[in-house]
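Take a walk through this protein, one feature at a time. Keep the sequence beside you as you read.

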Amino acid sequence: MPTSPSIPGAEAPERPSFASRIVYPVAGLLLALHLVTDLVAPYGIHRDEFLYFAMGRHLRLWHMDFPPFIAIASEIQRFIFGDSPIGLRIVPTLASSLVVIVAALLARELGGGRFAQLFAAVAVLGSVFFQRAGFFFMPVVLDALWWTLGFLVLARLCRKGVSEKRWWVWLGLVGGIGLLTKFSILFFGFGVLIALLATSWRRTLLTPWPYVTLGIALALGSPSWMGQINLHWPLVAQMQNLRDTQLSHVSVLGFVITQVQFGPAVLVGVWGTVVFLVARPLRPFRLVAWTCVAIWVTLIVLHGKAYYVGGTYPLLFAAGGRALEALRGAAWRSALRWGLAGLVAAYGVFALPYGVPILTPRAMMRFMAALGPLGAQYDNQGNPLPLPQDYADMRGWQERAAAVAQAYNALPPLERARAVVIANNYGEAGAMEFYGPRYGLPPVVSAAGSYYFWGPGPLPGRVAVTIGESAEGLHRLFDSVEAGPHLTDSLTVREERDLTIYVCRGIKRTLQEIWPEEAGRQ
């Protein structure tokens, strides 16, 4: 058994065999849950999903304001599966099932046997976070997968020792793919750095291998950070906007309460991580535990949203399962182990309507009402919502595209030939771009978020059909503003509840002239 560099002279616990016969079926259950939900969900496509699909159509490596992995994945899955309900979300569906497997492997690497591996796998399956993240085509579950693999590599490094150079390389590869996926991998990297400094692993900073790891990650993730340089650091404006409009509403108490709502497995995992910090037989893995602690402390201090630490959950589940498995001997300890495992599974079933959109909107509202204050839902600004925000963000997009098409098709042929569609936010723009071809709409123009970097297009905008814009603002830009179809939906997010489609003519300054002034709009 190799000596761990984390505690000189200490040995890592034996690594049991992989319990594939119980882990793979759990992963299959999560896979089946997402596939079935894709087919029966009484909602449409999420506003963020529209944006990521659009990123694939506007793919420009080293010149994008977001890490491009999700855009590449979008194009690949749509090329293979088209726009079918399952095909549009096959990547997160597979990724969430892989998280189940990697979490179990992580429990095994920490010395966990069949129970610990089963607990980690079931905890992922029963986690509201992974149920929801694995349903939507967003980078959240992919980011969590890379974090989990990163923790697995760290645990392997702790077991094998500093001299095992290939694990430094693997850590760099995981970090690079993570950087291609989401900038939040930087929190993982920062956590590793703090953990290195906080343990005897600090002496590895005098060797070339941590820097080889960093170099590999930066090289593989270069499309992400080069895009920031080429576009003059739009991430700075995005983070400022996020802090002003959303993170300012996040409190430490709210952060903690949401962790509890994510399920009892998180609490068991926090306890398990503490055990790894203090229990002598498990101290060889202190590097992994301190990485997790550093990430949590950093995100709490920065007022990060509760789900930002979601990438640490598989480690917590693995650590919790390993700590529970160590409770041997007395009958009450066995009862406690299996009782907590059963509680984790039961909570996953009970909270399933929050994890995946299986209930109709009205049924979901009744379910929320039955839970009283615990069922209350709020948007990113702290305003109450009739549905969970992710579900509210899935309502009415095709109807909005049809209303825009109605106004567009009512134009005389000469005006249709030179008309543009202008959308106020990226959700509206993404929906118009996604549904536009089936309705015969022209290309959409928007200054919101990523759409700004894709430009105003070649047409000056002398005739425009708009969605999400106010009449007052349009009168400042156009000579004529005519109201068209009117849409209402009390169950969607606030900015989409009362919309009027406007037909505008006689733009006072062309879109190309206006465009530079729109920089930084989110």
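Predicted model: local features only at pLDDT ≥ 70, side-chain atom pairs only at ≥ 80, totals over all residues.

Pick out isoleucine 80. This residue sits in helix α3, which covers residues 69-81. Is isoleucine 80 buried or exposed? The cut-off for exposed is over 50% relative accessible area. Isoleucine 80 has 54% relative accessibility, so this residue counts as exposed.

Helix α16 spans residues 313-325 and has 13 residues. How much of α16 is covered? Buried residues make up 13 of its 13, so the helix is mostly covered. From its first C-alpha to its last, α16 reaches 18 Å. That is close to the 18 Å expected at 1.5 Å a residue.

Next come the rings. The structure holds 29 aromatic pairs. One of them joins phenylalanine 255 and tryptophan 296. Their centres are 5.8 Å apart, and the angle between the planes is 85°. Planes over 60 degrees apart count as edge-to-face, so this pair gets that label. Where do the two partners sit? Phenylalanine 255 is in helix α13 (residues 252-261), and tryptophan 296 is in helix α15 (residues 286-301). The pair links distant parts of the chain, 41 residues apart.

Compare the rings of phenylalanine 350 and phenylalanine 367. Their centres lie 5.9 Å apart and their planes meet at 50°, so this pair is tilted. Again, distant parts of the chain are linked. Phenylalanine 350 belongs to helix α17 (residues 331-350), phenylalanine 367 to helix α19 (residues 361-370), and they are 17 residues apart. What about their cover? Phenylalanine 350 is partly exposed at 45% relative accessibility. Phenylalanine 367 has 18%, and therefore counts as buried.

Rings can also join up in groups. Ring pairs link Phe50, Phe53, Phe137, Trp397, Phe434 and Tyr435 into a cluster. The charged end of arginine 78 sits over the ring of phenylalanine 53, 5.4 Å from its centre. Elsewhere, arginine 47 lies over the face of tyrosine 426. Here the distance to the ring centre is 5.9 Å.

Charges also meet charges. Side chains of opposite charge can pair when their charged atoms come close. How many salt bridges does the structure hold? There are 16 salt bridges. In one of them, the side chains of arginine 89 and glutamate 49 meet, at 2.7 Å from N to O. Arginine 89 is in the loop between α3 and α4, while glutamate 49 is in helix α2 (residues 47-57). They are 40 residues apart, so this bridge links distant parts of the chain. Both arginine 89 and glutamate 49 are buried.

Arginine 57 forms a salt bridge with glutamate 433, and their closest N and O atoms are 3.3 Å apart. Arginine 57 lies in α2 and glutamate 433 in helix α23 (residues 426-439), so the bridge ties together parts that are 376 residues apart in sequence. Arginine 57 is partly exposed, at 32% relative accessibility. Glutamate 433 is buried, with a relative accessible area of 18%.

Look next at glutamate 517 and arginine 509. Their side chains meet in a salt bridge, 2.5 Å from N to O. Glutamate 517 has 53% relative accessibility, so this residue counts as exposed. Arginine 509 is partly exposed, with a relative accessible area of 37%. Salt bridges can also share partners: Arg15, Glu109, Arg156 and Arg159 are joined that way into one network.

Finish with a contact across the sequence. Leucine 173 is found in helix α8, residues 165-181. At 32% relative accessibility, leucine 173 counts as partly exposed. How far from threonine 213 is leucine 173 in space? The two are 7.7 Å apart, C-alpha to C-alpha, and 40 residues apart in sequence.

How values were computed: Residues numbered from 1 in each chain as written. Heavy atoms only, no water. Helix = DSSP H or I, 4+ residues; strand = E, 2+ residues; numbered from the N terminus. Expected span 1.5 Å × (residues − 1). Buried < 20%, exposed > 50% of the residue type's maximum accessible area, 1.4 Å probe, protein only. Phe/Tyr/Trp six-rings, centres within 6.5 Å; stacked < 30°, edge-to-face > 60°. Lys NZ or Arg CZ within 6 Å of the ring centre and 35° of its normal. Salt bridge = Lys/Arg side-chain N within 4 Å of Asp/Glu carboxyl O.
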